[in-house]
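Here is a short briefing on one protein chain. Keep the sequence and the 3D view open as you read.

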Amino acid sequence: MGQKLMTTVESIQSTLSVESIEPHILRIPMAAPVQTPMGMVDSTIALLVQVKLTTGEQGWGEVWCNFPRFGAYHRAIIVKKVIEPFLKSRSFAGPRQAWEAMHRAANVLRLQSGETGPISAAIAGVDIALWDIVGQRERQPIWRLLGGRSGSINAYGSLGRSHGFEPLVEAGLERGFRAFKLRCWGDPRQHMEAYVKARAMVGSDVDLMADANSSFPLNEAVAWSQQFADVKLAFLEEPIPVDSPLEIWKALAAGAPMRIAGGENMISADTIEQAIGSGVYSVLQTDMTKWGGFSGTVPMSHRIVAKGIRFCPHMFSAAPGLLASAHLLAASNSPDGSLEYGIEYNPPRDEFLQTEVVNGRIEVGDAPGLGLNLDTAKMDRYRVPMPNL
């Protein structure tokens, strides 16, 4: 079955000759900065990529750049100085061939620089844009082009905090969300009051989840997870770092009173394959703007679903990434999948996205490609200059 599904992206032949790739960095200061285990977040930031072909066709993608905030500049330079010259030097039979070629060509640089993440993310963002072009060319939405049966998907409301959640969750309930995820980094006792209130607020029929952002000590992870037993979590996300020893992950999965989720920090095919077969994860949350784009992540999503693991793509950024992740989830045909949707105001997404969450669902639609119409004049409000190198 795996080999058959792998041909889904490989079998789509559509000649691609790149003329240019333009990175666009958008940054908007936040009114209320948020503290995270990765550092203080004082702005929303996004790195969009605009790919133009010699035929005049163009598409949009997104490169993950949330942490550190200045990483957007570095990834933009990788797109412009490394990816663009390579793609312009030859033609490709389709996006999957281009994706494989980009990874091969950048492999020595990846090893020498030690920068697997930035390079993988740059390739992923460009791959998304190439699929956007092919979808437009074929006059099909990407989700249908890649084998999806329905363009209607579930979404859950994701918050970057636990304290002060009430107005956000209340607004989310009014919009029809049927699941919410709060953050809980550090000792759960510091957050438990918020989770108890949240459970009472949403009721027993709405899913409640926790994201620990890899902040639990390895020797306390099982005990700390058990503190959430009374609030009936649907899943606990990344309580420990993804590279923790497998035996500790297995002990956590066996001892926690809820499902274990993870995946956003898995940035290689081997890591994701190992997670699928590990028996640890009941929920996998790969981020296609960090690794894979459509070419890598669609085949992987089918293997996740075939294994009986719930597929819930990670996404906490701008409009192209959100739409691409929605198409990915629809193409996976996951029976119980759900897309992460940050319910706080996010200008790089909300200023450009026509798709809305209604009754906890997103209708991806039938527009060709991503179905994204970016207002480039509006982008100028938030655009920051590219480094002049």
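In which helix is the place of Ala-105? Ala-105 sits in helix α3, which covers residues 95-105. Helices here are DSSP runs of H or I with at least four residues, strands are runs of E with at least two, and both are numbered from the N terminus. This is a predicted model, where local features need pLDDT of at least 70, side-chain atom pairs count only at pLDDT 80 or more, and totals for chains, interfaces and linings use all residues. Residues are numbered from 1 along each chain as its sequence is written, and side-chain values use heavy atoms, with hydrogens and water left out.

**Confidence**

- The chain has a mean pLDDT of 94 (pLDDT is the predictor's confidence in each residue, from 0 to 100).
- Of its residues, 95% reach 70 or more.
- Residues 1-7 stay under 50 in pLDDT.
- For residues 1-7, the model has six contacts beyond four places in sequence (contact means heavy atoms within 4.5 Å).

**Ala-105**

- Ala-105 is partly exposed, because its relative accessible area is 45%.
- The cut-offs are these: buried is under 20% relative accessible area, exposed is over 50%, and partly exposed is in between (1.4 Å probe, protein chains only).
- Ala-105 and Phe-86 are 19 residues apart along the chain, and 8.0 Å separates their C-alpha atoms.

**The second largest pocket**

- The second largest pocket has a volume of about 360 Å³.
- His-103, Ile-267, Ser-268, Ala-269 and Trp-291 are the closest to its centre, out of 20 lining residues.
- A pocket is found on a 1 Å grid over the protein atoms alone: it is an open set of points where a 1.4 Å probe fits, with protein on both sides within 12 Å along at least five of seven lines.
- Lining residues have an atom within 4 Å of a point.
- Grid points are joined across faces, edges and corners, and the volume is the space filled by probe spheres set on the points.
- Helices α3, α4 (107-113), α5 (116-138), α11 (269-278) and α12 (293-306) each supply at least two residues of this lining.
- Helix α12 gives the most, with four residues.
- The lining holds nine nonpolar, six polar and five charged residues.
- Ala, Val, Leu, Ile, Met, Phe, Trp, Tyr, Cys and Pro count as nonpolar, Asp, Glu, Lys and Arg as charged, and the others, Gly among them, as polar.

- Helix α13 (residues 319-332) has 14 residues and reaches 20 Å from its first C-alpha to its last.
- Why is α13 largely enclosed by the rest of the structure? Because 14 of its 14 residues are buried.
- Asn-333 follows α13, in the loop between α13 and β12 (339-342).
- Its phi is near 55°, a positive value in a residue other than glycine.
- Asn-333 counts as buried because its relative accessibility is 17%.

**Other loop residues**

- Asn-359 also has a positive phi near 55°, and Asn-359 lies in the loop between β13 (357-358) and β14 (361-363).
- Asn-359 is exposed, because its relative accessible area is 60%.
- The peptide bond from Phe-67 to Pro-68 is cis, with omega near -15°.
- Pro-68 is in the loop between β3 (58-63) and α2 (71-88).
- Met-258 is in the loop between α10 (246-255) and β9 (259-262).
- Met-258 is buried, because its relative accessible area is 8%.

Definitions and conventions
Expected span 1.5 Å × (residues − 1).
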